[in-house]
Amino acid sequence: MAIMVPSVGNIMKKNKEDNYQNLKDSIISAAKIYISDNRYQITVGNCDDSNKADIESINNKTLNSSQLPISFLVDAGNLKTTSDGKILNPKDKTSLNLTNSYVLVKYQCDKKEYEYQLKENSLQWQ
């Protein structure tokens with residue numbers, strides 16, 4: 001009878017992947033809280049053919065193509081950083097560029113609610 005023992009390396013890799021997914025989930029949750037907290041200061045554009053509209057500004061801060069910078073979430077206290085103001089990638093300890101990384105937030109006109117997307121290419125690690 002053979003006993004299978006998972007390698008320490010595989011366990012560590014799985015934990016890093018899980019922690020990375022938890023970080024992305026935390027960023028989305030922070031964006032939802034930020035939008036909810038600022039719902040009366042949001043300017044929404046016109047609905048397009050897909051029944052979605054860009055968010056043009058929040059609190060008189062203009063957004064580029066509905067891109068909500070992660071720095072807004074940190075500044076509002078919705079997302080925690082290290083003591084030196086960084087968010088670290090649990091997989092490789094690189095630092096997230098808070099200004100250039102973003103959550104894409106669209107307004108769904110037919111449902112009257114917001115849609116949140118966090119794609120890998122919207123996170124810039126350095």
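**Aromatic pairs and charges over rings**

A search of the whole structure finds three aromatic pairs. This is a predicted model, in which local features need pLDDT of at least 70 and side-chain atom pairs count only at pLDDT 80 or more, while totals for chains, interfaces and linings use all residues. Residues are numbered from 1 along each chain as its sequence is written, and side-chain values use heavy atoms, with hydrogens and water left out.

Visitor: Why is the pair of tyrosine 20 and tryptophan 125 called tilted?

Guide: Rings of Phe, Tyr and Trp (its six-membered ring) pair if their centres lie within 6.5 Å; planes under 30 degrees apart are stacked, over 60 edge-to-face, and the rest tilted. Here the centres are 6.1 Å apart and the planes at 50 degrees, so the pair is tilted.

Visitor: Why is the pair of tyrosine 107 and tyrosine 114 called edge-to-face?

Guide: The ring centres of tyrosine 107 and tyrosine 114 are 5.2 Å apart and the planes stand at 65 degrees, so edge-to-face applies.

Visitor: What makes tyrosine 20 buried?

Guide: Buried means under 20% relative accessible area, exposed over 50%, and partly exposed in between (1.4 Å probe, protein chains only). Tyrosine 20 has 5%, so it is buried.

Visitor: Why does tryptophan 125 count as partly exposed?

Guide: Its relative accessibility is 24%, so tryptophan 125 counts as partly exposed.

Visitor: What makes lysine 91 lie over the face of tyrosine 20?

Guide: A charge sits over a ring if NZ of Lys or CZ of Arg is within 6 Å of the ring centre and within 35 degrees of the ring normal. Lysine 91 lies over the face of tyrosine 20, at 4.1 Å from the ring centre.
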